[in-house]
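Subject: Structure for your review

Dear colleague,

Please find the structure below, together with a summary of what was found in it.

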Amino acid sequence: MPRPGKKAKQAFWERGYLAHGYWLGKERLGQVTLGPKKEWDGIYRWRAANHSGEAATLDEAKRAVEQAVLVGASQLRLFDK
């Protein structure tokens, strides 16, 4: 009987105080932040690797982070040794 292989780690979203983090194990890949409660302007700001932006909804911001992580993972680094 063949042994089952190890499952690949899968990134997941975790909700925090005024932010949502996108994690792969113990490494944070990206995040979506909100403004302070009383002063929030309704815009979700996201950041992943060297990419950042703004979105009108939480779903759009999460999708943008996931897309930035995928693009960052698939592009080759130019000046790394």
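**Hairpins and strand pairing**

Glycine 25 has a positive phi near 70 degrees in the hairpin of S2 and S3, where two residues lie between the strands. The model is a predicted one, in which local features need pLDDT of at least 70, side-chain atom pairs count only at pLDDT 80 or more, and totals for chains, interfaces and linings use all residues. Residues are numbered from 1 along each chain as its sequence is written, and side-chain values use heavy atoms, with hydrogens and water left out.

Strands S2 and S3 (residues 27–33) run antiparallel and are joined by six bridges; two strands pair if DSSP finds at least two bridges between them. Within this pairing, histidine 20 stands opposite valine 32 in S3.

S2 (residues 19–24) also pairs with S1 (residues 12–16), in the antiparallel sense and over five bridges. The hairpin of S1 and S2 has two residues between the strands as well, and here leucine 18 takes a positive phi near 60 degrees.

**Aromatic pairs**

Tryptophan 13 stands opposite tyrosine 22 in S2. The structure holds two aromatic pairs (rings of Phe, Tyr and Trp, the last by its six-membered ring, with centres within 6.5 Å; planes under 30 degrees apart are stacked, over 60 edge-to-face, the rest tilted). Tryptophan 13 and tyrosine 22 form a tilted pair, at 4.7 Å centre to centre and 35 degrees between the planes. The pair of tryptophan 40 and tyrosine 44 is edge-to-face, because the ring planes stand at 70 degrees, with the centres 5.2 Å apart.

Tyrosine 22, at 12%, counts as buried. In the other pair, tryptophan 40 is partly exposed at 33%, whereas tyrosine 44 is buried at 16%.

**The chain overall**

The protein chain has one helix and five strands, in the order β-β-β-β-β-α along the sequence (DSSP runs numbered from the N terminus: helices H or I of at least four residues, strands E of at least two). Of its 81 residues, 22% are buried. Among contacts (heavy atoms within 4.5 Å) with a separation of 6 or more, 16% are between residues 24 or more positions apart.

Yours sincerely

How values were computed: Buried means under 20% relative accessible area, exposed over 50%, partly exposed in between (1.4 Å probe, protein chains only).
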